[in-house]
Protein chains: 2
Amino acid sequence: MKTYFECIPCLVRQAVDSVRDAGLDDEEQADVLRTVLREMGEMDLLASPPAMSQRIHELVRAQSGIPDLYASQKKASNELALRLFPELREEVAGANDPLELALRLVIAGNIIDLGVKSGLCDGDVHESIEHAIAAPFDGDVKAFADAVNAADTILYLADNAGEIVFDRLLIERLPRERVTLAVKGGPIINDATRADAEVAGLCDMVSVIDNGFDAPGTILEKCSPEFRERFWNADLIIAKGQGNFETLSDVDAPVVFLLKAKCPVIARHLDCEIGSLVMRMHGASVPVAR
Amino acid sequence: MKTYFECIPCLVRQAVDSVRDAGLDDEEQADVLRTVLREMGEMDLLASPPAMSQRIHELVRAQSGIPDLYASQKKASNELALRLFPELREEVAGANDPLELALRLVIAGNIIDLGVKSGLCDGDVHESIEHAIAAPFDGDVKAFADAVNAADTILYLADNAGEIVFDRLLIERLPRERVTLAVKGGPIINDATRADAEVAGLCDMVSVIDNGFDAPGTILEKCSPEFRERFWNADLIIAKGQGNFETLSDVDAPVVFLLKAKCPVIARHLDCEIGSLVMRMHGASVPVAR
């Protein structure tokens, strides 16, 4: 999608957030932030937010000496989601339309995004689940089911830790032998990496790869050749979250985006209210089918 | 007050806002923003937000070639406030406690602050007025009246355009011959300058000076010697808005702050809810009196 200058303050906020609880004193935090600001002054400000975010967090990690600034938040999000998981799975199994409820709930899990919002409490997640069950759903479940049935190979692009546990609700309803789950190639904000896929129990269920890069989205030209091959050969790509939308919405591939529209820029771009559940099918074949 | 790193993204947002409607194309806007970011990378990030904001907007004006980026918004705010003024003045005159209602309404007018919020619609102002009439009021009106009565010289520090028309509701209830109104020394965000005091009809009512500097607050060491002399000789200083609070809350002088707590940082610092009406008496003599 087009980049908006409004994203720039939000990227600076991400940097502020990332060092707030890193155990640095005020002067050390100021040093990191000055480095980030100076570097942003040299950036292409029309690049995608995930591209700028990747570079910003690379700088923060290098200067703070902390390789994974969100480790404890990711752990807490996974634990919360794992506590909620058994009951949610039962609700999905007993629903009138289990696939629709699974889609709603995996989108609800997209609230666990520390790139968009500073901090997150358990209450936010509970609220997101309740909202997802009751809210209007901007998507065509039948077309999604058809696209899944028609696809021999499905690539599922995970978004965040915690959220990835929710993703299992949908992945369990897909033809697992045809599914590959892709996580990020390294720690970036609270995005899921292989460790989170393991904690979510997904590594025993589907093939799991990483995309070879540490942006909070999917910047194809920076991803590994192996990932790119999977991407271009997939019959269906299920892409979770804002970061994947921001980086893939203009890519000509059979992608279904599942996200919560969490910020004003995305909501305006998608022409929906903030907080909406969004499923968008996109690419050469819409509805997606071979 | 202490500066919080959370203010840094907000300062970047101010810069983004300031060039959005300035008639620059994307690349020109990006150039301005890159200059701002680079310069922020050299700043003392523990300086007050108004000090950083002053420098940022100085850069934006220099690079964009536009001397007053908020001219049209200031004009619109004044016009809106002037339309509302006659009815509000009648309401104050007919109130059980006219001074309290005047205080509430001049604080309501502090919603017209483009430093804190991107954009502002007439509805925001109407809502702020309704809220100000009904909301709890965190201030001691009797102590304020006593301080006014005891003061031979009163310095009233205006905040924003539009808001300055609301200020007239209070200024009309003060002993005018003892009041000096101070505006900013040059255009900065939508802060009021002498032109706005004139539009508000205040120049015929009280003595009007400017503070000799163009920060969105009162940075005493940068203000003119004439202003500083008035400041230090005033028996009572009435300081409107967040910017004046941010720059004067640690100054040992008889200041009454009147503001709406519009951002999470200020609300947390003042230990109140966002949107609260706040009157704080501060300085060597609290309650303020000679």
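This is a predicted model: local features need pLDDT of at least 70, side-chain atom pairs count only at pLDDT 80 or more; totals for chains, interfaces and linings use all residues.
View 1. The largest nonpolar core takes in 183 residues. Those that touch the most other members are L105, Y156, L181 and V256 in chain A, along with L105, Y156 and V256 in chain B. Take L105(B) as a way in: setting aside neighbours within four places in sequence, its contacts are L88(B), V92(B), I129(B), A132(B), F166(B) and L169(B). As background, nonpolar side chains in soluble globular proteins tend to be buried together.

**View 2. Helix α5 against helix α6 in chain A.** Here α5(A), residues 98–108, packs on α6(A), residues 122–134, with the axes 9 Å apart and an angle of about 145 degrees between them. The crossing is right-handed. From α5(A) come R104(A), L105(A), I107(A) and A108(A), and they meet S128(A), I129(A), A132(A) and I133(A) of α6(A). Sort that contact by class and you get six nonpolar residues, one polar and one charged.

**View 3. Helix α1 alongside helix α3 in chain B.** The pair shown is α1(B), residues 7–20, and α3(B), residues 49–64, whose axes come within 10 Å and cross at roughly 25 degrees. With an angle under 35 degrees, α1(B) and α3(B) therefore count as roughly parallel. Their crossing is right-handed. On the α1(B) side, look for C7(B), L11(B), Q14(B), A15(B), S18(B) and V19(B); facing them from α3(B) are P49(B), M52(B), S53(B), I56(B), H57(B), V60(B) and S64(B). This contact has eight nonpolar and five polar residues, and no charged ones.

**View 4. Where chain A meets chain B.** Each chain brings 19 residues to this contact. On the chain A side, α1 (7–20) and α2 (26–40) each supply at least two residues. The largest share is from α2(A), with eight residues. By class, the chain A side that touches chain B splits into twelve nonpolar, two polar and five charged residues.

**View 5. A239 in strand β5 of chain A.** A239(A) sits in β5(A), the strand that runs over residues 236–240. It has 27 C-beta neighbours inside 10 Å, and the cut-off for buried is 20 or more, so A239(A) counts as buried. Leaving out neighbours within four places in sequence, A239(A) is in contact with L157(A), N244(A), F245(A), L248(A), V255(A), V256(A) and F257(A). One of these, V256(A), is also among the core residues that touch the most other members. For a sense of scale, A200(A) is 39 residues from A239(A) in sequence and 18 Å from it in space, C-alpha to C-alpha.

Notes:
Residues are numbered from 1 along each chain as its sequence is written. Chains are lettered from A and ligands numbered from 1 in the order in which they are written. A nonpolar core is a set of buried Ala, Val, Leu, Ile, Met, Phe, Trp, Tyr and Cys residues joined through C-beta atoms within 7 Å. A residue is buried if 20 or more other C-beta atoms lie within 10 Å of its own, exposed if 12 or fewer, and partly exposed in between; C-beta atoms are placed from the backbone. Two residues are in contact if their C-beta atoms, placed from the backbone, lie within 7 Å. Axes are lines fitted to C-alpha atoms, for helices over the stretch in contact, and angles run from 0 to 180 degrees between N-to-C directions. Helices (H or I, at least four residues) and strands (E, at least two) are DSSP runs, numbered from the N terminus. A crossing is left-handed if the near helix is turned anticlockwise from the far one by less than a right angle, and right-handed if clockwise. Ala, Val, Leu, Ile, Met, Phe, Trp, Tyr, Cys and Pro count as nonpolar, Asp, Glu, Lys and Arg as charged, and the others, Gly among them, as polar. Angles under 35 degrees count as roughly parallel, over 145 as roughly antiparallel, 65 to 115 as roughly perpendicular and the rest as oblique.
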